[in-house]
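Dear colleague,

Please find below the structure that I am passing on to you.

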Amino acid sequence: MSKNKRKIDLLVLSDIHLGTYGCQSKELLNYLNSVKPKIVVLNGDIIDMWQFSKRYWPKSHMQVVHKIINWVSKGTKVYYITGNHDEMLRKFEGFKMGKLSIENKLVLDLDGKKVWIFHGDVFDVTMQNSKWLTRLGSHGYDLLILINALCNWISVKMGRGKISLSKNIKNSVKQAVKFINNFEKTAADIAIRNGYDYVLCGHIHHPEMKTITTDHGQVEYLNSGDWIENLTALEYNNKEWSLYKYDANDFENPNLDTEDSLVMMENGEIFEQMLGGFLETKDIATSLKF
(Lines give C-alpha, C1' and ligand atoms only; values in the text may rest on other atoms or scores of the structure.)
Protein backbone atom coordinates (compact mmCIF):
# COMPACT_ATOMS: atom_id res chain seq x y z
CA MET A 1 0.00 0.00 0.00
CA SER A 2 1.27 3.46 -0.89
CA LYS A 3 2.23 5.80 1.91
CA ASN A 4 -0.23 8.31 0.41
CA LYS A 5 -3.60 7.83 2.03
CA ARG A 6 -6.55 7.13 -0.22
CA LYS A 7 -9.12 9.91 -0.08
CA ILE A 8 -12.70 8.75 0.48
CA ASP A 9 -15.84 10.90 0.49
CA LEU A 10 -17.69 8.57 2.88
CA LEU A 11 -16.53 5.53 4.86
CA VAL A 12 -18.95 3.13 6.56
CA LEU A 13 -17.80 0.62 9.19
CA SER A 14 -19.92 -1.66 11.34
CA ASP A 15 -19.68 -4.59 13.72
CA ILE A 16 -16.11 -4.05 14.88
CA HIS A 17 -16.93 -5.48 18.32
CA LEU A 18 -14.11 -3.85 20.26
CA GLY A 19 -13.66 -5.67 23.55
CA THR A 20 -14.10 -9.18 22.14
CA TYR A 21 -11.60 -11.88 21.22
CA GLY A 22 -12.80 -11.95 17.64
CA CYS A 23 -12.18 -8.29 16.81
CA GLN A 24 -9.49 -8.03 14.11
CA SER A 25 -8.20 -4.73 15.44
CA LYS A 26 -4.69 -4.89 13.95
CA GLU A 27 -6.04 -5.44 10.46
CA LEU A 28 -8.54 -2.64 11.01
CA LEU A 29 -5.79 -0.26 12.13
CA ASN A 30 -3.81 -1.02 8.97
CA TYR A 31 -6.85 -0.11 6.91
CA LEU A 32 -7.77 3.02 8.90
CA ASN A 33 -4.19 4.30 8.59
CA SER A 34 -4.37 3.90 4.82
CA VAL A 35 -7.42 6.09 4.16
CA LYS A 36 -8.45 9.72 4.60
CA PRO A 37 -12.26 9.96 4.74
CA LYS A 38 -14.28 13.19 4.72
CA ILE A 39 -17.21 11.57 6.55
CA VAL A 40 -17.26 8.40 8.67
CA VAL A 41 -20.35 6.42 9.66
CA LEU A 42 -19.86 3.89 12.45
CA ASN A 43 -22.95 1.76 11.93
CA GLY A 44 -23.42 -0.06 15.22
CA ASP A 45 -21.71 -2.69 17.38
CA ILE A 46 -18.45 -0.75 17.35
CA ILE A 47 -17.83 -1.35 21.06
CA ASP A 48 -19.26 -4.64 22.34
CA MET A 49 -20.67 -3.54 25.68
CA TRP A 50 -22.35 -6.91 26.22
CA GLN A 51 -18.89 -8.41 26.71
CA PHE A 52 -17.36 -5.72 28.91
CA SER A 53 -17.68 -7.92 31.99
CA LYS A 54 -14.67 -9.91 30.71
CA ARG A 55 -12.46 -6.80 31.11
CA TYR A 56 -10.74 -7.81 27.87
CA TRP A 57 -9.26 -4.71 26.28
CA PRO A 58 -6.03 -5.11 24.25
CA LYS A 59 -3.91 -2.08 23.41
CA SER A 60 -4.84 -2.29 19.72
CA HIS A 61 -8.53 -1.90 20.60
CA MET A 62 -7.82 1.40 22.32
CA GLN A 63 -5.69 2.42 19.33
CA VAL A 64 -8.76 2.03 17.11
CA VAL A 65 -10.69 4.34 19.44
CA HIS A 66 -7.83 6.86 19.40
CA LYS A 67 -7.72 6.75 15.61
CA ILE A 68 -11.39 7.70 15.44
CA ILE A 69 -10.83 10.42 18.05
CA ASN A 70 -7.95 11.75 15.96
CA TRP A 71 -10.21 11.97 12.90
CA VAL A 72 -12.80 13.90 14.89
CA SER A 73 -10.19 16.30 16.28
CA LYS A 74 -8.96 17.04 12.75
CA GLY A 75 -12.43 17.94 11.47
CA THR A 76 -13.71 14.65 10.04
CA LYS A 77 -17.45 14.31 10.57
CA VAL A 78 -18.18 11.08 12.45
CA TYR A 79 -21.66 9.64 12.97
CA TYR A 80 -21.93 6.90 15.59
CA ILE A 81 -25.11 4.92 14.89
CA THR A 82 -26.04 2.64 17.78
CA GLY A 83 -26.47 -1.12 17.44
CA ASN A 84 -27.70 -3.87 19.75
CA HIS A 85 -24.28 -4.57 21.30
CA ASP A 86 -23.83 -0.87 22.14
CA GLU A 87 -27.52 -0.22 22.77
CA MET A 88 -26.87 1.59 26.07
CA LEU A 89 -25.76 4.54 23.92
CA ARG A 90 -29.25 4.84 22.41
CA LYS A 91 -30.41 7.03 25.26
CA PHE A 92 -27.75 9.55 24.13
CA GLU A 93 -29.29 9.99 20.68
CA GLY A 94 -28.64 13.56 19.52
CA PHE A 95 -25.51 13.91 21.66
CA LYS A 96 -22.84 15.99 19.93
CA MET A 97 -19.19 16.49 20.72
CA GLY A 98 -17.39 18.54 18.12
CA LYS A 99 -17.68 16.67 14.83
CA LEU A 100 -18.98 13.52 16.55
CA SER A 101 -22.69 12.82 16.90
CA ILE A 102 -24.61 9.80 18.21
CA GLU A 103 -27.67 8.73 16.22
CA ASN A 104 -30.02 5.75 16.15
CA LYS A 105 -30.58 6.11 12.40
CA LEU A 106 -29.40 8.47 9.72
CA VAL A 107 -30.50 9.82 6.34
CA LEU A 108 -27.85 11.39 4.12
CA ASP A 109 -28.15 13.15 0.78
CA LEU A 110 -25.35 11.94 -1.50
CA ASP A 111 -25.21 13.67 -4.86
CA GLY A 112 -28.99 14.04 -4.96
CA LYS A 113 -29.79 10.52 -3.75
CA LYS A 114 -31.18 9.63 -0.33
CA VAL A 115 -29.31 7.07 1.76
CA TRP A 116 -31.08 5.49 4.74
CA ILE A 117 -28.56 4.13 7.27
CA PHE A 118 -29.31 2.09 10.40
CA HIS A 119 -27.74 -0.89 12.15
CA GLY A 120 -30.48 -3.43 11.43
CA ASP A 121 -31.18 -5.19 14.73
CA VAL A 122 -34.69 -3.68 14.64
CA PHE A 123 -35.54 -6.49 12.17
CA ASP A 124 -34.20 -9.22 14.45
CA VAL A 125 -37.25 -10.79 16.10
CA THR A 126 -35.07 -12.82 18.47
CA MET A 127 -33.32 -9.66 19.57
CA GLN A 128 -36.59 -7.84 20.21
CA ASN A 129 -38.39 -10.61 22.09
CA SER A 130 -35.70 -12.75 23.75
CA LYS A 131 -32.66 -10.67 24.65
CA TRP A 132 -31.39 -13.29 27.10
CA LEU A 133 -31.34 -15.87 24.28
CA THR A 134 -29.52 -13.47 21.98
CA ARG A 135 -26.91 -12.74 24.64
CA LEU A 136 -26.43 -16.45 25.25
CA GLY A 137 -25.84 -16.86 21.52
CA SER A 138 -23.34 -14.00 21.64
CA HIS A 139 -21.28 -15.78 24.32
CA GLY A 140 -21.38 -19.00 22.29
CA TYR A 141 -20.25 -17.07 19.23
CA ASP A 142 -17.39 -15.55 21.23
CA LEU A 143 -16.31 -19.05 22.35
CA LEU A 144 -16.35 -20.15 18.72
CA ILE A 145 -14.13 -17.19 17.86
CA LEU A 146 -11.67 -18.27 20.60
CA ILE A 147 -11.56 -21.80 19.17
CA ASN A 148 -11.15 -20.32 15.70
CA ALA A 149 -8.19 -18.22 16.91
CA LEU A 150 -6.46 -21.33 18.25
CA CYS A 151 -7.10 -23.23 15.01
CA ASN A 152 -5.76 -20.32 12.98
CA TRP A 153 -2.61 -20.11 15.10
CA ILE A 154 -1.95 -23.78 14.38
CA SER A 155 -2.93 -23.40 10.70
CA VAL A 156 -0.62 -20.41 10.17
CA LYS A 157 2.26 -22.25 11.86
CA MET A 158 1.68 -25.08 9.37
CA GLY A 159 1.70 -22.60 6.48
CA ARG A 160 -1.93 -23.14 5.53
CA GLY A 161 -3.33 -19.68 6.22
CA LYS A 162 -6.38 -18.61 8.21
CA ILE A 163 -9.92 -19.97 8.06
CA SER A 164 -13.21 -18.71 9.54
CA LEU A 165 -15.15 -21.44 11.33
CA SER A 166 -17.97 -19.06 12.27
CA LYS A 167 -18.32 -17.80 8.70
CA ASN A 168 -18.29 -21.31 7.23
CA ILE A 169 -20.87 -22.53 9.75
CA LYS A 170 -23.14 -19.53 9.17
CA ASN A 171 -22.98 -19.83 5.39
CA SER A 172 -23.81 -23.54 5.48
CA VAL A 173 -26.80 -23.44 7.84
CA LYS A 174 -30.05 -23.09 5.91
CA GLN A 175 -31.77 -21.14 8.67
CA ALA A 176 -28.95 -18.58 8.72
CA VAL A 177 -29.13 -18.15 4.94
CA LYS A 178 -32.89 -17.74 5.15
CA PHE A 179 -32.53 -15.15 7.91
CA ILE A 180 -30.08 -13.12 5.81
CA ASN A 181 -32.42 -13.20 2.80
CA ASN A 182 -35.40 -12.14 4.91
CA PHE A 183 -33.37 -9.37 6.52
CA GLU A 184 -32.33 -7.95 3.15
CA LYS A 185 -35.86 -8.15 1.71
CA THR A 186 -37.41 -6.43 4.75
CA ALA A 187 -34.90 -3.58 4.64
CA ALA A 188 -35.46 -3.16 0.90
CA ASP A 189 -39.27 -3.20 1.18
CA ILE A 190 -39.31 -0.42 3.78
CA ALA A 191 -36.70 1.65 1.92
CA ILE A 192 -38.65 1.45 -1.35
CA ARG A 193 -41.93 2.42 0.31
CA ASN A 194 -40.23 5.47 1.82
CA GLY A 195 -38.57 6.59 -1.40
CA TYR A 196 -34.94 5.97 -0.48
CA ASP A 197 -32.39 5.30 -3.20
CA TYR A 198 -30.06 3.31 -0.92
CA VAL A 199 -30.58 1.34 2.29
CA LEU A 200 -27.42 0.62 4.26
CA CYS A 201 -27.19 -1.80 7.20
CA GLY A 202 -24.80 -3.84 9.33
CA HIS A 203 -25.74 -6.34 12.06
CA ILE A 204 -25.77 -9.64 10.13
CA HIS A 205 -22.02 -9.75 9.33
CA HIS A 206 -22.78 -10.36 5.67
CA PRO A 207 -21.19 -7.77 3.34
CA GLU A 208 -23.27 -7.07 0.27
CA MET A 209 -23.96 -4.67 -2.59
CA LYS A 210 -26.93 -5.46 -4.80
CA THR A 211 -30.12 -4.13 -6.36
CA ILE A 212 -33.32 -5.50 -4.84
CA THR A 213 -36.53 -5.26 -6.87
CA THR A 214 -40.05 -5.69 -5.48
CA ASP A 215 -43.57 -5.06 -6.77
CA HIS A 216 -43.24 -1.48 -5.51
CA GLY A 217 -39.90 -0.58 -7.11
CA GLN A 218 -36.21 -1.12 -6.52
CA VAL A 219 -33.46 0.01 -4.17
CA GLU A 220 -29.73 -0.44 -3.78
CA TYR A 221 -29.11 -2.60 -0.71
CA LEU A 222 -25.71 -2.22 0.98
CA ASN A 223 -24.23 -3.99 4.00
CA SER A 224 -20.81 -3.05 5.38
CA GLY A 225 -20.10 -6.51 6.84
CA ASP A 226 -17.84 -6.72 9.91
CA TRP A 227 -14.30 -6.82 11.32
CA ILE A 228 -14.50 -10.29 12.85
CA GLU A 229 -15.15 -12.64 9.94
CA ASN A 230 -15.15 -10.66 6.70
CA LEU A 231 -12.98 -7.57 7.36
CA THR A 232 -14.97 -5.30 5.08
CA ALA A 233 -16.11 -1.70 4.77
CA LEU A 234 -18.21 0.38 2.40
CA GLU A 235 -16.59 3.29 0.59
CA TYR A 236 -18.33 6.05 -1.36
CA ASN A 237 -16.17 8.11 -3.69
CA ASN A 238 -16.69 9.93 -6.99
CA LYS A 239 -20.44 9.18 -6.80
CA GLU A 240 -19.89 5.42 -6.62
CA TRP A 241 -20.11 2.81 -3.86
CA SER A 242 -17.55 0.04 -3.48
CA LEU A 243 -17.13 -2.79 -1.00
CA TYR A 244 -13.64 -2.89 0.50
CA LYS A 245 -12.21 -6.28 1.47
CA TYR A 246 -9.05 -6.34 3.59
CA ASP A 247 -6.02 -8.04 2.10
CA ALA A 248 -2.74 -8.02 4.06
CA ASN A 249 -0.82 -8.22 0.77
CA ASP A 250 -1.92 -4.65 0.01
CA PHE A 251 0.18 -3.34 2.88
CA GLU A 252 3.95 -2.99 2.94
CA ASN A 253 4.21 -3.61 6.69
CA PRO A 254 0.98 -5.22 7.91
CA ASN A 255 2.30 -5.43 11.50
CA LEU A 256 0.07 -8.33 12.47
CA ASP A 257 2.48 -10.61 14.28
CA THR A 258 3.54 -8.30 17.09
CA GLU A 259 2.43 -9.03 20.62
CA ASP A 260 -0.78 -7.21 21.52
CA SER A 261 -0.51 -6.27 25.18
CA LEU A 262 -3.63 -7.05 27.18
CA VAL A 263 -4.88 -4.13 29.22
CA MET A 264 -6.97 -5.31 32.15
CA MET A 265 -9.23 -2.44 33.21
CA GLU A 266 -12.58 -2.01 34.87
CA ASN A 267 -15.38 -0.70 32.66
CA GLY A 268 -15.15 2.77 34.21
CA GLU A 269 -11.43 2.99 33.45
CA ILE A 270 -12.02 2.09 29.82
CA PHE A 271 -14.65 4.80 29.42
CA GLU A 272 -12.46 7.34 31.21
CA GLN A 273 -9.64 6.71 28.73
CA MET A 274 -12.01 7.06 25.79
CA LEU A 275 -13.53 10.29 27.10
CA GLY A 276 -10.11 11.60 28.05
CA GLY A 277 -8.98 11.26 24.46
CA PHE A 278 -11.80 13.52 23.34
CA LEU A 279 -11.34 16.10 26.06
CA GLU A 280 -7.62 16.44 25.31
CA THR A 281 -8.71 18.37 22.22
CA LYS A 282 -9.70 21.89 23.25
CA ASP A 283 -12.09 22.51 20.36
CA ILE A 284 -14.03 19.36 21.18
CA ALA A 285 -14.11 19.99 24.91
CA THR A 286 -15.52 23.48 24.51
CA SER A 287 -18.20 22.30 22.10
CA LEU A 288 -19.54 19.57 24.40
CA LYS A 289 -23.32 19.75 24.37
CA PHE A 290 -26.50 17.66 24.51
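**Cysteines and charged side chains**

The count of disulfides comes to 0. This result refers to a predicted model.

The whole structure contains 5 salt bridges, and three of them are described below.

Arg 6 and Glu 235 form a salt bridge, with an N to O distance of 2.7 Å. This pair joins strand β1 to strand β12 (residues 232-237), and its two members lie 229 residues apart. Arg 6 is partly exposed, at 29% relative accessibility, whereas Glu 235 is buried, at 6%.

In the salt bridge between Lys 38 and Asp 9, the closest N and O atoms are 3.4 Å apart. Here strand β2 (residues 35-43), which holds Lys 38, is linked to strand β1, which holds Asp 9, across 29 residues. Lys 38 is exposed, with a relative accessibility of 58%; Asp 9 is partly exposed, with 23%.

Glu 184 and Lys 210 meet at 2.6 Å, N to O. Glu 184 is buried because its relative accessible area, 3%, is under 20%. Lys 210, at 28%, is partly exposed.

Finally, a patch of positive charge on the surface is made up of Lys 5, Lys 7, Lys 36 and Lys 74. Of these, Lys 7 lies in strand β1 (residues 6-13) and is exposed, with a relative accessible area of 64%.

With kind regards

Key. Residues are numbered from 1 along each chain as its sequence is written. This is a predicted model: local features need pLDDT of at least 70, side-chain atom pairs count only at pLDDT 80 or more; totals for chains, interfaces and linings use all residues. Side-chain values use heavy atoms; hydrogens and water are left out. Patches are made of residues with over 30% relative accessible area and no salt bridge: like charges are joined within 9 Å, nonpolar side chains (Val, Leu, Ile, Met, Phe, Trp, Tyr) within 5 Å. Accessible areas come from the Shrake-Rupley method with a 1.4 Å probe; for residues, only the protein chains shown count as cover. A salt bridge is a side-chain nitrogen of Lys or Arg within 4 Å of a carboxyl oxygen of Asp or Glu. Lys and Arg count as positive and Asp and Glu as negative; His and the chain ends are not counted. The place of a charge is taken as NZ of Lys, CZ of Arg, CG of Asp or CD of Glu. Helices (H or I, at least four residues) and strands (E, at least two) are DSSP runs, numbered from the N terminus. Buried means under 20% relative accessible area, exposed over 50%, partly exposed in between (1.4 Å probe, protein chains only). A disulfide is a pair of cysteine sulfur atoms within 2.5 Å.
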